[in-house]
Amino acid sequence: MKKLSKGVLLLCLGIFLLYQYKATAQAKEADTRPNYTIYVNTTENVVTVMEEKADGTSEVVKAMVCSCGAPGHATPQGTFSTSDYYDWRILVDGSYGRYAVRFNGHILFHSVPYLEKSPDTLEWELYNQLGENASLGCVRLTTEDIKWIHDNCKVGTTVVVYSGSEIVGNVIKPTAPKIDEDSPYRNWDPTDASDINPWFGGSGIIPQKGSLKTFDHIGYADRYADLKAAFGYDKAALYEHYITYGINEGRIAEFSEGPETFNYIAYADRYADLKAAFGYDRASLYEHYITYGISEGRIAEFY
């Protein structure tokens with residue numbers, strides 16, 4: 001009986017893996033974006049993206065400086081393919097990578113680490129190490145460059161990791177701008193194209209998000225005379241303005257809720273797709289709600 005159960009288990013596993021392979025292949029075929037191959041040189045710390053043409057030729061579309069694995073944490077070499085994509089992904093040391101793209105088990109492309117899931121918490125000392133072998137095995141890139149991979153390279157994109165002095169495409173090794181330790185903006189990536197990035201004249205203020213229930217509408221109205229004149233203290237109207245326009249305009253709003261008051265169990269139980277993706281992970285479910293759930297019209301409860 002045990003042997004039969006083991007055989008059935010192996011058969012089911014084989015069917016599952018075959019299904020996953022077919023599903024990935026179909027998704028890649030259905031994606032109309034160009035076909036790219038990403039080459040990672042672990043010696044020179046350079047990423048080259050080549051576009052594969054229909055006639056069998058290829059050409060360089062982008063070259064990026066990176067940080068591959070430091071001694072003792074070498075980035076594994078070989079041929080792989082991209083699979084999972086994340087806006088933020090927790091890393092092995094508890095920091096966070098932005099626009100992470102998985103391509104080999106626990107090995108990812110990701111931004112230079114941030115201390116928190118917030119673009120104003122960049123570990124700037126690590127940013128200044130781009131171009132050197134400095135990571136724990138993953139491939140670190142500027143925010144601009146990793147976002148390009150995240151947004152343009154479809155699931156199943158081939159990744160070739162190699163070593164040596166010769167760089168694919170014969171490109172000149174790029175450089176990233178250095179961050180001065182005395183800069184007031186040092187905790188922001190100077191390549192991040194966000195409107196609030198102070199490197200580009202932005203406010204540097206991270207907009208808060210939350211539900212209508214705990215939106216401080218009085219504070220929002222009192223802070224902005226034009227809104228108070230237009231809406232008075234109409235909570236719903238002020239909240240709608242903030243979500244629709246205020247965030248993009250860099251306006252400041254406050255909310256009393258947070259992960260500690262978020263009914264994450266009810267949120268997971270209400271939405272099967274989220275429960276399948278996050279289980280009962282409070283932080284991930286809360287992050288989903290404030291990042292996507294609100295705009296998707298999902299319902300959340302707070303204690």
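The legends below describe close-up views of a predicted model.

Residues are numbered from 1 along each chain as its sequence is written, and side-chain values use heavy atoms, with hydrogens and water left out. Because the model is predicted, local features need pLDDT of at least 70 and side-chain atom pairs count only at pLDDT 80 or more, while totals for chains, interfaces and linings use all residues.

**View 1. Overview of the protein.** The protein has nine helices and 10 strands; helices (H or I, at least four residues) and strands (E, at least two) are DSSP runs, numbered from the N terminus. Of its 303 residues, 43% are buried, where buried means under 20% relative accessible area, exposed over 50%, and partly exposed in between (1.4 Å probe, protein chains only). The accessible surface comes to about 16,200 Å², and 54% of it belongs to carbon and sulfur atoms; areas come from the Shrake-Rupley method with a 1.4 Å probe, and for residues only the protein chains shown count as cover. Among contacts between residues at least 6 apart in sequence, 60% join residues at least 24 apart; contact means heavy atoms within 4.5 Å.

**View 2. The five-stranded open sheet.** The strand order is β3-β2-β1-β10-β4, with mixed pairing; two strands pair if DSSP finds at least two bridges between them. β3 (58–65) and β4 (78–81) stand at the edges with a single partner strand each, so one side of each has no neighbour in the sheet. From one strand to the next, the twist averages 20°. Helix α3 (residues 143–152) packs on the sheet, where it touches β1, β2 (46–52) and β3, and its direction makes about 140° with that of β3. Axes are lines fitted to C-alpha atoms, for helices over the stretch in contact, and angles run from 0 to 180 degrees between N-to-C directions.

View 3. Strands of a sheet pair through backbone hydrogen bonds, either parallel or antiparallel. β1 (residues 36–41) and β10 (residues 158–162) are parallel, with five bridges, and Tyr 39 has Val 160 in β10 as its bridge partner. β1 and β2 run antiparallel and are joined by six bridges; Asn 41 is partnered by Val 46 in β2. Four residues lie between β1 and β2 in their hairpin, and Asn 45 in the turn has a positive phi of about 55°. β2 and β3 are also paired in the antiparallel sense, over seven bridges, with Val 49 opposite Lys 62 in β3. The hairpin of β2 and β3 has five residues between the strands, and Gly 56 there takes a positive phi near 95°. Six of the seven residues of β2 are buried, so β2 is largely enclosed by the rest of the structure.

**View 4. Surroundings of Thr 191.** Thr 191 lies in the loop between β10 and α4 (217–223). Its relative accessible area is 13%, so Thr 191 is buried. The Thr 191 side chain reaches the backbone nitrogen of Thr 143 at 3.5 Å. Not counting residues up to four places away in sequence, Thr 191 touches Tyr 127, Thr 142, Thr 143, Glu 144 and Pro 177.

View 5. At the start of α6, a side-chain oxygen of Asp 234 comes to within 3.2 Å of the backbone nitrogen of Ala 236, and just after the helix Gly 250 takes a positive phi of about 80°. The buried residues of α6 pack against α4, α5 (225–231) and α9. Leu 238 is in α6 and counts as buried because its relative accessibility is 0%. Leaving aside neighbours within four places in sequence, the contacts of Leu 238 include Phe 215, His 217, Tyr 220 and Leu 227.

**View 6. Helix α9.** α9 (residues 282–296) has a kink of about 50° centred on Tyr 289. At the start of α9, a side-chain oxygen of Asp 281 reaches to within 3.2 Å of the backbone nitrogen of Ala 283. Gly 297 follows α9 and has a positive phi, near 80°.

Notes
A polar contact is a pair of N or O atoms within 3.5 Å; within protein, one must be able to donate a hydrogen and the other to accept it, and residues adjacent in sequence count only if both atoms are side-chain atoms. The bend at a residue is the angle between axes fitted to the seven residues ending there and the seven starting there.
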